[in-house]
Amino acid sequence: PRNFYTTLAMPQDRIPPHNIEAEQSFLGSLLIDQEAANKVADRVSADDFYRPIHARVYEAMIHLYNRHEPLDILSVGKRLDEMSALAETGGREYLAELANSVPTASHVKHYAVIISKKATLRRVIAAAIDIFALGYEETEVIEAVLDHAEHVALVGLLGGHDLRTQLLLELLGGLTHCLVLGSLALPAGHFSASSVVVDPCP
């Protein structure tokens, strides 16, 4: 059987899940259609972006959106300038490039789903690595380690309240106890939340 400890020993050169094109198309959609933000503002946060400059651009957009101001190149550029972030994000030239990256904003929800999904995968990886490291901490207070691990899982993954999120948290909670207690070994093959049994510990 494949050991869970070996599974988490991922190569250092692996690139985290992301989709730059989706991020660009998402931001471009908001720039060319003033109604697009109404459809996705509550679905994507700045922390969901892989590229820091995209996160900064979206921060500026959300600020304007919450103030009921237009999300055009001039307005977003002005806000970025106020944030002292215009140069680092590529200036108004990059905003224009974003606006020209999509012919229509009709797929903005689709781009939002992609961005959110990739962000969730990155959080899963980060939480798993952090929890894995906790298993090596030399402490006699195992309850403290478990509490810390559960906190990492909640902070890293709780981005929504849908059924999938709850199932993932329940799964990770069970795996956390098994991992820290040193008793977890998963069988080879595909593994997903749908295959979880009541007791994840062997």
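Does D48 count as buried or exposed, and at what relative accessibility? At 7% relative accessibility, D48 counts as buried, where buried means under 20% relative accessible area, exposed over 50% and partly exposed in between (1.4 Å probe, protein chains only). The model is predicted, so local features need pLDDT of at least 70 and side-chain atom pairs count only at pLDDT 80 or more, whereas totals for chains, interfaces and linings use all residues. Residues are numbered from 1 along each chain as its sequence is written, and side-chain values use heavy atoms, with hydrogens and water left out.

**Overall architecture**

- The protein chain holds 9 helices and 0 strands; helices (H or I, at least four residues) and strands (E, at least two) are DSSP runs, numbered from the N terminus.
- From the N terminus on, the order of elements is α-α-α-α-α-α-α-α-α.
- The protein chain has 202 residues, of which 37% count as buried.
- Among contacts between residues at least 6 apart in sequence, 67% join residues at least 24 apart, a contact being heavy atoms within 4.5 Å.

**The D48–R123 salt bridge**

- The whole structure contains 5 salt bridges, each defined as a side-chain nitrogen of Lys or Arg within 4 Å of a carboxyl oxygen of Asp or Glu.
- One of them joins the side chains of D48 and R123, with an N to O distance of 2.6 Å.
- D48 lies in the loop between α3 (36-40) and α4 (52-66) and R123 in helix α7 (residues 108-134), so this pair ties together parts that are 75 residues apart in sequence.
- R123 counts as partly exposed, at 26% relative accessibility.

**The network around R56**

- R56, E59 and E88 are linked in a network of salt bridges.
- In the pair of E59 and R56, the closest N and O atoms are 3.1 Å apart; these two residues of helix α4 are 3 residues apart and separated by about one helical turn.
- The side chains of E88 and R56 also form a salt bridge, at 3.8 Å from N to O.
- Because E88 lies in the loop between α5 (73-82) and α6 (91-99) and R56 in helix α4, the pair ties together parts that are 32 residues apart in sequence.
- R56 is partly exposed, with a relative accessible area of 23%; E59 is partly exposed at 34%, and E88 is partly exposed at 48%.

**Packing of α4 against α5**

- The axes of α4 and α5 are 9 Å apart and meet at an angle of about 110 degrees; axes are lines fitted to C-alpha atoms, for helices over the stretch in contact, and angles run from 0 to 180 degrees between N-to-C directions.
- This makes α4 roughly perpendicular to α5, a class that covers angles of 65 to 115 degrees, while those under 35 count as roughly parallel, those over 145 as roughly antiparallel and the rest as oblique.
- R56, V57, A60, M61, H63 and L64 of α4 make the contact with S75, V76, R79 and L80 of α5.
- By class, this contact of α4 with α5 has 6 nonpolar, 2 polar and 2 charged residues (Ala, Val, Leu, Ile, Met, Phe, Trp, Tyr, Cys and Pro count as nonpolar, Asp, Glu, Lys and Arg as charged, and the others, Gly among them, as polar).

**R122, a buried arginine**

- R122 lies in helix α7 and is buried yet has no salt bridge.
- The nearest side chain of opposite charge to R122 is E23, 5.0 Å away; Lys and Arg count as positive and Asp and Glu as negative, with His and the chain ends not counted.
- Leaving aside neighbours within four places in sequence, R122 is in contact with P16, P17, H18, D47, D48, F49 and Y50.
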